[in-house]
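Colleague: I would like to learn how to read a structure such as this one, step by step. Could you take me through it slowly, giving the general idea before each case?

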Amino acid sequence: MKTFQLQFKQMLRSWEFQLSFLLMTVFSVGSFYVAVKDASGQTSDYLYDAEWYFCTNYSINWIFWGGLLFIVTVMPFSTSYIKEVKNGNLIPILMRSNRSDYFISKLFVTAAGNAMVTGIPLLLNYVLCWFWFPHNEHSMYWVSRVYRDEFLMGESLLYQTDYPHILFGDLYVNNRWLFHLWMLLLTIVFAAAIGCLALCLSFLIRKGRLLLFLPCFLIWQILSSVDSVMYERAMEDPNIKYFNYNVFSYLQPFGSLSGMSFVYFLVFLAIIAVICTVLLIYIIRSEEKILAGE
């Protein structure tokens, strides 16, 4: 517990964590400003519901959020191990503390830091939109029941899929605010998982911190490309069923009209958990080599 507290305080004082939190806060407040500016001059009858202007839902912000995600999930504390190796502080730290506690605490601190960096600013944006914009149930998904049934319930698709419904569409219909809080929770968990993956990869990549940003970016590009190919094939061939492999679109409310499975999202997180566990065991068992300066 003491090791966790020390590393948590170290993270809070680091410029990487503070810069990441600042970037997310600027994005959160900036997105709210853009939404207010776009809505200015419109009467309440033409304004969308507050939920439409959330920064992760407002389509104009998704491009910025998608790029920012890979920075704020790696920068806060995932690079701390490489930083300590380069500064020559690792061996003295390991000699004074329990090595298992050190690495496990670093993993939990990374997860906590990413949860704070993503969760608090996004929640701030939600609160600002909640109090500023009207609650009139006016959005493209609530214009009419027919429209809602066609798009939320997957009754109007141009391709075949085993998952015709929008992910968590039932929850959205029953409680829209609980739906957005649930999506926020998924984003926090995903950010924590990506941060932990980057940290564990740093046990193997000790030469440069910039390399830690590359694996997450490559995963994003590969999954996005696979999803695009699958979508095009499903549109061209009715015998091919579409499935959304781009796990990052699972974080955006209505990121895809269909083809999304929550089981796939959980499997993706489970794979990350397995990789982190294996690398954590590896680094703990090789602690004697680290102390020997190898």
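Predicted model: local features only at pLDDT ≥ 70, side-chain atom pairs only at ≥ 80, totals over all residues.

Colleague: How do I read the packing of two helices?

Modeller: Two packed helices are described by the angle between their axes and by the distance between those axes. In this structure, the axes of helix H6 (residues 99-132) and helix H9 (residues 176-202) come within 8 Å and cross at roughly 150°. Angles over 145 degrees count as roughly antiparallel, and that makes H6 roughly antiparallel to H9. The crossing in which H6 passes H9 is right-handed.

Colleague: Which residues of H6 and H9 meet?

Modeller: On the H6 side they include Lys106, Leu107, Thr110, Ala111, Asn114, Ala115 and Thr118, and on the H9 side Trp177, His180, Leu184, Thr187, Ile188 and Ala191 are among them. An α-helix has 3.6 residues a turn, so residues three or four places apart point the same way.

Colleague: At what angle do H2 and H6 pack?

Modeller: H2 and H6 pack at an angle of about 20°, and their axes are 9 Å apart. Angles under 35 degrees count as roughly parallel, and H2 and H6 are therefore roughly parallel to each other. Their contact is made by residues including Phe17, Phe21, Met24 and Phe32 of H2 together with Met116, Val117, Leu124 and Trp132 of H6. The crossing of H2 and H6 is right-handed.

Colleague: How many salt bridges does a search of the whole structure find, and which side chains meet in a salt bridge?

Modeller: The search finds 1 salt bridge, in which the side chains of lysine 83 and glutamate 16 meet at 3.5 Å, N to O. Lysine 83 lies in helix H4 (residues 80-87) and glutamate 16 in helix H2 (residues 15-39), so the pair ties together parts that are 67 residues apart in sequence.

Colleague: Is glutamate 16 buried or exposed?

Modeller: The general idea is to look at the relative accessible area, where under 20% means buried and over 50% exposed. Glutamate 16, at 5%, is buried, whereas lysine 83, at 31%, counts as partly exposed. In H4 the buried residues are Ser80, Tyr81, Ile82 and Glu84, and over the protein chain of 294 residues, 47% are buried.

Colleague: What follows just after H4?

Modeller: There, glycine 88 takes a positive phi of about 75°.

Colleague: Where is the place of isoleucine 166?

Modeller: Isoleucine 166 is in the loop between helix H7 (145-152) and helix H8 (169-174), and it is buried, with a relative accessible area of 4%. Its C-alpha atom is separated by 5.0 Å from that of serine 258, although the two residues are 92 apart along the chain.

Colleague: Which residues does tryptophan 177 touch?

Modeller: Tryptophan 177 lies in helix H9, and, leaving aside residues up to four places away in sequence, it touches Asp49, Ala50, Glu51, Phe54, Trp130 and His135. The C-alpha atoms of tryptophan 177 and tryptophan 130 are separated by 9.8 Å.

Conventions: Residues numbered from 1 in each chain as written. Heavy atoms only, no water. Buried < 20%, exposed > 50% of the residue type's maximum accessible area, 1.4 Å probe, protein only. Salt bridge = Lys/Arg side-chain N within 4 Å of Asp/Glu carboxyl O. Helix = DSSP H or I, 4+ residues; strand = E, 2+ residues; numbered from the N terminus. Axes fitted to C-alpha atoms, helices over the stretch in contact; angles between N-to-C directions. Parallel < 35°, antiparallel > 145°, perpendicular 65-115°, else oblique. Left-handed = near helix turned anticlockwise from the far one by under 90°. Contact = heavy atoms within 4.5 Å.
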